[in-house]
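Good morning, colleagues. Please look at the sequence and the structure on the screen while I go through a few points of its architecture.

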Amino acid sequence: MALFELPLDELRDRRSSSVEPADFDQFWTDTLGQARQHDLDARFERVTTGLTTLDTYDVSFAGFGGHRVKGWFTVPAGTTEPLPLVVEFIGYGGGRGLAHTHLLWASAGYAHFVMDTRGQGSGWSAGDTDDPVGSSPAVPGFLTRGIEDPYDFYYRRVFTDAVRAVEAARSHPLADASRTVAVGGSQGGGITLAAGGLVPDLAAIAPDVPFLCDFPRAVTLTDSHPYREVGIYLSVHRDRKARVLDTLAYFDGVHFAARGRAPALFSTALEDDVCPPSTVFAAFNAYAGQDKQIEVYDFNGHEGGGPHQQAAQLRWLPGRLKGNEKA
């Protein structure tokens with residue numbers, strides 16, 4: 001497709017119109033406090049994958065509501081000392097899949113944890129984590145589940161799981177908690193921004209073409225899914241717009257970005273009609289950390305930089321971990 005967004009010079013100055021809820025911090029403090037009333041109970045079971053260069057563990061831990069959430073933890077074979085830890089979050093509709101599909105970060109010498117996303121994992125990769133919480137009437141997908149009340153909204157559970165995933169991964173003796181990085185693309189990028197705003201001592205974050213940012217613009221600009229789910233919902237529930245946007249404000253990556261302090265490497269693509277670049281720049285421009293960069297891919301859609309962005313992350317990350325070595 002052709003470029004459909006604002007010119008790049010305007011994107012670089014773009015700010016969101018999303019209004020931060022007055023009780024945003026208290027909402028998340030209370031939410032995480034409730035989750036932490038449940039024992040984290042992180043369990044790591046060594047599994048055989050057929051890969052001789054990596055050691056892999058099947059993981060589960062207590063996320064939102066004490067619900068069991070799955071993941072994979074992988075390190076270079078024979079690792080005996082703690083390694084910098086990369087916690088990865090998955091794109092919309094996907095699950096953790098098979099362990100041997102997550103090779104990049106452990107192959108680069110990191111401890112790697114990938115979190116399964118509750119209730120997802122039947123779109124393009126398989127998941128193993130249920131979402132036992134029901135929902136009021138919603139559009140097929142996940143973005144409108146509980147969308148009229150922030151306490152019921154689906155992503156309250158997912159973002160809480162993400163914080164608990166960081167805590168679970170850090171509990172493994174081969175993970176250096178002081179050098180923890182959050183990464184993810186699309187939905188995983190949005191979850192990464194949430195983790196960056198809710199976990200104050202991350203060493204770095206890398207949100208790639210992030211979803212769940214600048215909702216007021218996203219849901220009115222693009223007719224691509226998943227944002228289109230909100231438009232479909234409001235086309236039926238015609239009097240609920242204010243209530244829906246009030247809920248989404250508690251989960252907007254722009255507001256989590258305003259609380260992020262860790263070094264950050266963003267990316268966006270100028271032909272991306274799934275996560276439009278203006279919504280990504282809104283989060284990037286709101287990001288409070290001083291060490292922040294954004295890679296821009298002029299002629300790409302939602303695939304963004306793909307392997308080129310992975311290469312950029314591999315070049316960028318080591319410099320952000322220097323000086324954070326475990327004593």
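Predicted model: local features only at pLDDT ≥ 70, side-chain atom pairs only at ≥ 80, totals over all residues.

**Helix packing around H4**

Helix H4, residues 154-170, packs against helix H5, residues 187-198, at an angle of about 65°, and their axes lie 9 Å apart. The crossing of H4 past H5 is right-handed. On the H4 side, the contact is formed by Tyr155, Val158, Phe159, Ala162 and Val163, while H5 contributes Gln187, Gly190, Ile191, Ala194 and Leu198. By class, these contact residues comprise eight nonpolar, two polar and no charged.

H4 also has a contact with helix H2, residues 24-35. Here the packing angle is about 65°, with the two axes 10 Å apart, and the crossing of H2 and H4 is right-handed. From H2 the residues involved are Phe27, Trp28, Thr31, Leu32, Gln34 and Ala35; from H4 they are Tyr155, Arg156, Phe159, Thr160, Val163 and Arg164. This contact of H2 with H4 divides into seven nonpolar, three polar and two charged residues.

Let me turn to the open space in the model. What volume does the largest pocket have? The value is about 650 Å³. Which elements supply at least two residues each to the lining? They are strand E4 (83-89), helix H3 (104-107), strand E5 (111-115), strand E6 (175-185), strand E7 (204-208) and helix H11 (307-321). In composition, the lining of the largest pocket has eleven nonpolar, 15 polar and four charged residues.

Two points of backbone geometry deserve attention. The peptide bond joining histidine 225 and proline 226 is cis, with omega about 5°. Proline 226 sits in the loop between helix H6 (215-221) and helix H7 (227-236). The other point concerns leucine 212, which has a positive phi of about 70° although it is not a glycine. Leucine 212 belongs to the loop between E7 and H6.

I close with the chain as a whole. Eleven helices and nine strands make up its secondary structure elements. The radius of gyration is 19 Å, close to the 20 Å given by the globule rule for 327 residues, so the chain is as compact as a globular protein of that length. Along the principal axes, the C-alpha trace spans about 55 × 40 × 35 Å.

Methods:
Residues numbered from 1 in each chain as written. Heavy atoms only, no water. Axes fitted to C-alpha atoms, helices over the stretch in contact; angles between N-to-C directions. Helix = DSSP H or I, 4+ residues; strand = E, 2+ residues; numbered from the N terminus. Left-handed = near helix turned anticlockwise from the far one by under 90°. Contact = heavy atoms within 4.5 Å. Nonpolar A, V, L, I, M, F, W, Y, C, P; charged D, E, K, R; others polar. 1 Å grid on protein atoms, 1.4 Å probe; cavity = no way out; pocket = protein on both sides within 12 Å on 5 of 7 lines; lining within 4 Å. Points joined across faces, edges and corners; volume = space filled by probe spheres on them. Rg over C-alpha atoms; globule rule 2.2 N^0.38 Å.
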